[in-house]
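Subject: A structure for you to look at

Hello! Here is the structure I promised to pass on to you. Please open it next to this email, and then read on for what turned up in it.

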Amino acid sequence: MATTTTSSSLLALPSFRSNCNQRPSFKVRAQISGDKATSVEPVNGSVSVSNLQNLKGSEVNGKVKFQREAEIELLWDDGYGSKSVKDYFAAAREILKKPDGGPPRWFSPVDCGQPIKDAPTLFFLPGMDGTGMGLVPHQIALGKAFHVWCLHIPVHDRTPFQGLLKIVEDVLRQEHATRPNKPIYLVGDSFGGCMALAVAARNPSLDLVLILVNPATSFERSPLQPLLPILEMVPEELHFTIPYALSFIMGDPIKMASIGIDNQLPAGVKLNKLREKLTNSMLPLLSELGGIIPRETLLWKLKLLRSGAAYTNSRIHAVEAEVLLLVSGKDRMLPSQEESKRLHGLLKNCTVRCFKENGHTLLLEDSLSLLTVIKGTCKYRRSRRYDFASDFLPPSKGELDFALQELLRFLRNAVSSVFLSTMEDGRIVKGLAGVPDEGPVLLVGYHMLMGLELGPMSEAFIKEKNILFRGMAHPILYAETDSTKEFGYMDWIKVFGAYPVTATNLFKLLSSKSHVLLYPGGAREALHNRQEFVRMAARFGATIVPFGTVGEDDIAELVLDYNDLMKIPFLSNYITEATRDTKEFKLRDESSGEVANQQLYLPGVLPKIPGRFYYLFGKPIHTKGRPELVKDKEAAKLVYLEAKEEVEKCIAYLLKKREEDPYRSVVDRLSYSLTHLPENDVPSFEP
């Protein structure tokens, strides 16, 4: 593991240089103030620094060099699963080879590379191990979106809690002075969570985003409390047994070993890989914990943890920072789930996500990329306020694979979607060739039951056209009132580009030449007699593509509509309460009545044996070169009526043509699949 070591001012410490008596076997990289990339290599037992520019991940004269990218591309490689706990121990072993003395210091992992333009800075505050290597499985992904720095607390360091806070505060203030308009991220793991909260309480004027992973603020209620006096009495010669015991309390070995194992493998193959990892990697590596946390260090860390938790809890009321709290459902070291409820009530701006199958060492266990969680909770921003257009990071290939296999697999297989589009000359063809490749494009259509058409539609655009359209979403998706909420489907919708449907967001997305999906009628009706979206599209010369979808009636039968549900007292109260916090979002600036005050609800439906989903994208309507549409409401209304008529034609066409589909039934499609190669798509009618 290549690393860089620096002081709290992000410069190499004299004490560190003096301890480099042996030539390290790994390269190190330094980065000053998050803006200049430098390469630090051992030269005759000392550290030298040289600037790096204008190269992208290439090796020149034996030196790895990097170039900053402007933006992240769609389906980029986030590297999640390529690093595991084995790499964590290898990195810790490497950093502990030399005498690990001197004060705490910062380093930047080379795996992080160079982030995108205007990236904020992320500082990682470690747990009890103090190595700073806790982000190993997440470094590649985080390095694309952040300038990443990790705090290393040497094994024999005895800096008190407030001394550690001073080290963190020094680097935060320097970062703020260098880039005053950028947010600063603090990822605090366990004990590091206490440090992050304490620093935020002492520096309310800084724009901080805290990401707390099972923070140790509940240490006084830890199940380990009765064992602490026993640990103090364990003789030195028996200390080697303690790391083994703590490892099973702190984390889930099976979840740790599962990182990088493909969930889609056959059960037997997956089990064999897991057994091999456990026996050949995980269990032998646990003996190294004794070197990372020797007996005297362990006792010191426990005292430090107790004092840090008490100090933080006494000042937690002063925290003004934005907080994302990640908690594990099987944390045997701390009552993290219970603590999340307490912190959610105390902190002014706190979002919680629970991972029920994970242990205390969440960041080192098989779960999700930390960057995915940050994106799905809308916590990634490059300025003082989150912008749904400019701050959005496109999904990675790993995120797409997870969504298709874990979230949408059943729906994809059940509905076997058929896509058609209309060329400029009016011809209807298979696929999406009729949809313009260049934006801005405004897709306007009909909202099926609970938006079930969105998953297959998004997949088709990504795979066929390498385009991620940005879809509208009801504001209830952005309400954060639950302290036990899991990272689930609603968060994944945001990972794939959902945005709250406001005029401002639509303006920003069209101005950035995006492909934007809009249902003008909102969550309940398809199209209202409004022409505002036409005028907005004309302002940017966007191409309007009307489309229709059918198939909802082949998968479910609606038995209870909104009006029916509101007549049932307990359901009426639930819907009202669930949508209470969405009033802060302005859905439509100029609307009133039902359209402006919609409540999102789950209708009562009965499932059917699945049919197919059919999509038809109509003939594009061009607004470029038609400036009259911006000011002339009557002209815009005519275009609106044209789009509305095209949507109706698409739906009518699909309803008629699907009767000609010999594989409309899921039974017929399964029969076809059993007699043809898996890669063969199930055919449909000819357009």
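**Salt bridges**

Glu 628 forms a salt bridge with Arg 626, and their closest N and O atoms are 3.7 Å apart. A salt bridge here is a side-chain nitrogen of Lys or Arg within 4 Å of a carboxyl oxygen of Asp or Glu. Side chains of opposite charge can pair when their charged atoms come close. Glu 628 counts as partly exposed because its relative accessible area is 38%, and Arg 626 is partly exposed at 28% relative accessibility. Buried means under 20% relative accessible area, exposed means over 50%, and partly exposed lies in between (1.4 Å probe, protein chains only).

Before going further, a note on what you are looking at: this is a predicted model, in which local features need pLDDT of at least 70 and side-chain atom pairs count only at pLDDT 80 or more, while totals for chains, interfaces and linings use all residues. Residues are numbered from 1 along each chain as its sequence is written, and side-chain values use heavy atoms, leaving out hydrogens and water.

How many salt bridges does the structure hold? There are 35. In one of them, the side chains of Glu 322 and Lys 379 meet at 3.1 Å, N to O. This pair links distant parts of the chain, 57 residues apart: Glu 322 is in strand E11 (residues 322–328), and Lys 379 is in the loop between helix H13 (370–376) and H14. Helices (H or I, at least four residues) and strands (E, at least two) are DSSP runs, numbered from the N terminus. Are Glu 322 and Lys 379 buried or exposed? Both are buried. They also belong to a network of salt bridges that links them with Asp 207, Arg 381 and Arg 384.

Another salt bridge joins the side chains of Glu 399 and Lys 375 at 2.9 Å, N to O. Here helix H14, with Glu 399, is linked to helix H13, with Lys 375, and the two residues are 24 apart in the chain. Both Glu 399 and Lys 375 are buried.

**The inside**

Of the chain's 687 residues, 56% count as buried, and the chain has 24 helices and 23 strands. The largest nonpolar core has 160 residues, and those touching the most other members are Phe 146, Leu 172, Leu 186, Leu 210, Leu 443, Met 457 and Phe 617. Helix H5 (residues 191–202) gives the most to this core, with nine residues. A nonpolar core is a set of buried Ala, Val, Leu, Ile, Met, Phe, Trp, Tyr and Cys residues joined through side-chain atoms within 4.5 Å.

**The outside**

Gly 260 is in the loop between helix H8 (253–257) and helix H9 (267–285). Why does Gly 260 count as exposed? The reason is its relative accessibility of 51%. Gly 260 and Ser 82 are 178 residues apart in sequence, yet 6.0 Å apart in space, C-alpha to C-alpha.

Leu 407 lies in helix H14 (residues 397–407), and it counts as partly exposed at 33% relative accessibility.

Enjoy exploring!
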